[in-house]
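This report covers strand pairing and nonpolar packing. The model is a predicted one.

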Amino acid sequence: MTDLQELIRQGEGERLEFKKKTTHPTRIARTLASLANTHGGRVLVGVDDDGRIVGVRDAEEEIYQLRQAAAHYIDPPLSLRFQEVEEENRVVLIVTVAESTEKPHRAQVADGDWRSYVRVRDESVQTSQLTERVLERTDAAPRFEKIPLNREELAVLDYLRKNPRITLGQYMKLLNIGQRRAYRTLIKLTLHGYIKHHDKEKEVYYTL
């Protein structure tokens with residue numbers, strides 16, 4: 001099995017995204033920014049969502065679009081690494097995005113509209129202002145200062161390792177505690193970088 005096939009077998013996740021092609025810089029910019037804002041990762045261009053190798057028609061055109069996205073549709077701009085791999089007589093482009101020390105990176109979604117994204121499992125999810133402020137504190141160091149956690153705080157992390165997200169109500173029910181206490185715990189974990197806060201949907205939720 002080749003390195004590319006081994007990579008595809010892992011499936012999409014926090015550090016890996018499949019793209020048939022780069023349709024427009026604004027679309028791919030969200031993915032690139034989310035990887036840089038989280039733990040870095042790779043985008044396989046020329047691979048379908050189900051892991052099927054479809055190849056790219058013009059690798060140079062794809063690289064141009066990706067460079068445009070990284071330079072002009074992401075702020076601050078990103079530096080990308082490219083590798084062309086031939087598999088089954090088709091060319092797949094492996095785009096590597098390093099975890100950034102200049103977080104948060106914002107992607108342009110429309111004229112004058114720049115938004116920050118992080119990687120949650122296999123999705124690029126828009127962050128809240130609170131999470132953006134936490135990301136900004138990591139400019140100089142890519143890791144957060146960790147603090148000792150108690151049983152209630154560890155319960156949040158344990159739940160999120162098994163589930164994609166948790167809401168305030170779910171956490172209150174999980175530990176049978178009041179709203180104020182539950183909220184303070186979730187915000188504390190957010191501010192110390194253990195979890196991420198998302199407020200762009202109808203109900204606020206938290207992710208790893």
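## Strand pairing around S2

Strands S1 (residues 16-19) and S2 run parallel and are joined by 4 bridges.

Leu44 has Ile94 in S5 as its bridge partner.

How enclosed is S2 by the rest of the structure? Of its 5 residues, 4 are buried, so S2 is largely enclosed.

## The largest nonpolar core

In soluble globular proteins, nonpolar side chains tend to be buried together. In this model, the largest nonpolar core holds 23 residues. Leu32, Leu66, Leu78 and Leu80 have the most contacts inside this core. Five stretches of the chain each give two or more residues: helix H2 (25-37), strand S2 (41-45), helix H3 (59-72), strand S5 (90-97) and strand S6 (106-110). Which element gives the largest share of this core? H2 does, with 6 residues.

Leu66 illustrates the packing. Setting aside neighbours within four places in sequence, Leu66 is in contact with Thr22, Ile28, Leu32, Val45, Leu80, Phe82, Leu93 and Val95.

## A separate core

Another core lies apart from the largest one. This other core has 18 residues, including Leu157, Ala182, Leu189 and Tyr194.

Terms used. Residues numbered from 1 in each chain as written. Predicted model: local features only at pLDDT ≥ 70, side-chain atom pairs only at ≥ 80, totals over all residues. Heavy atoms only, no water. Core = buried A, V, L, I, M, F, W, Y, C linked by side-chain atoms within 4.5 Å. Buried < 20%, exposed > 50% of the residue type's maximum accessible area, 1.4 Å probe, protein only. Contact = heavy atoms within 4.5 Å. Pairing = 2+ DSSP bridges.
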